[in-house]
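Colleague: I have just opened this one and could use a guide. Can we go through a few spots?

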Amino acid sequence: MLTPKSLSSGSKIALVAPARKISYEEISFAIDYIRDRGFVPVYDERLFLSHNQFAGSDEERAAVLQSYLDNPDIDAVMCVRGGYGTVRIIGRLNFDKFMQHPKWIVGYSDVTVLHAKLQSLGVESLHATMPINFNKNTQQSLDTLFSALTGKELTYDYPHSPLDIKGEAEGVLVGGNISVLYSLLGSDIFPDTKDKILFIEDLDEYLYHIDRMMTAFVRAGVLDDVRGLIVGGLTKMHDNAVPFGMSAEEIILEKVRDRNIPVTFGFPAGHIDDNRALVLGRKYIVAGTSVSCNANNL
């Protein structure tokens, strides 16, 4: 996997909105915060375009993102928010110039589409918080974001879950939002999970939706050869009047409990305030409730 160049003081971070629209007021705190950390936020009026729920039409959003992907003077591209819409523009993007000067792509949730594309190209990317969340994030969330961008080592310890399956595994990390991954199933950019560590998280889903998506992964062979599973936030799950009968965690556990792999629940990443950065495409070690990776690929 290619590792984009680490950032340093004065590096330029382009802000883009590939999905839902955004206002300046929603990210003004983050813009100031990025400057305070010693970086240069780069954006223009196109960031605030509006077309129905989107940050501009598909053509406009793709054009903005393309301009920053192609620009060798931009050191990282940070998606300001998720929502829905990145999958509508992924087919419009050309990564030829990007591959000549790979840079960090940052985001989570709907940005899983971009992470999946980069996995297919063999480039690491950063699953991490986004500017719309900065004013509510924990300090650890923000620190791991900028530690990852500047090439520092990432190690995480967090509370044990009684649902964890203990063990140790090493492998390249892939994954992201369950719903977005489900929308990519069968496409040419769905991540290759063979011999990988899979990370998943989600927000605002009915329990039977989680079961449907996880069952689809089972039937498609997605879980057949994974080396380990990291489960992040499963936030604001919903049930029907007639209960499904299992929690989201229990639904996931049911699909993997007999696969002889370590499974850790409650990893601090996803749609939560303590959304710590993960480098997708990098080798990770999962051991109990400790997850770690080196500053560079192992």
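Modeller: Here are some notes on ring pairs, a helix, a strand and one glutamine.

Modeller: This is a predicted model, where local features need pLDDT of at least 70, side-chain atom pairs count only at pLDDT 80 or more, and totals for chains, interfaces and linings use all residues. Residues are numbered from 1 along each chain as its sequence is written, and side-chain values use heavy atoms, with hydrogens and water left out.

Colleague: How many aromatic pairs does the structure hold?

Modeller: There are 14 aromatic pairs. Rings of Phe, Tyr and Trp (its six-membered ring) pair if their centres lie within 6.5 Å; planes under 30 degrees apart are stacked, over 60 edge-to-face, and the rest tilted. Y158 and F267 make an edge-to-face pair, 5.2 Å centre to centre with 80° between the planes.

Colleague: Where do Y158 and F267 lie?

Modeller: Y158 is in the loop between strand 6 (154-157) and strand 7 (168-177), and F267 in the loop between strand 10 (263-265) and strand 11 (278-280), so the pair ties together parts that are 109 residues apart in sequence. Helices (H or I, at least four residues) and strands (E, at least two) are DSSP runs, numbered from the N terminus.

Colleague: Are Y158 and F267 buried or exposed?

Modeller: Both Y158 and F267 are buried. Buried means under 20% relative accessible area, exposed over 50%, and partly exposed in between (1.4 Å probe, protein chains only).

Colleague: And which rings form a cluster?

Modeller: F29, Y33, F39, F134 and F146 are linked into a cluster by ring pairs.

Colleague: Switching to helix 2, what should its 13 residues span?

Modeller: Helix 2 (residues 58-70) should span 18 Å at 1.5 Å a residue, and its end C-alpha atoms are 18 Å apart, which agrees. The expected span is 1.5 Å times one less than the number of residues. Among the buried residues of helix 2 are V64, L65 and Y68.

Colleague: What does strand 12 pair with?

Modeller: Strand 12 pairs with strand 7 in the antiparallel sense, over 5 bridges; pairing needs at least two bridges found by DSSP. In strand 12, I285 stands opposite E170. The covered face of strand 12 (residues 283-287) has Y284 and V286, and the uncovered one K283, I285 and A287.

Colleague: Last one: where does Q140 lie, and what is Q140 in contact with?

Modeller: Q140 belongs to helix 6 (residues 139-149). Leaving aside neighbours within four places in sequence, Q140 is in contact (heavy atoms within 4.5 Å) with D274 and R276. The C-alpha atoms of Q140 and R276 are separated by 6.7 Å, though the two residues are 136 residues apart along the chain. Q140 is partly exposed, at a relative accessible area of 44%.
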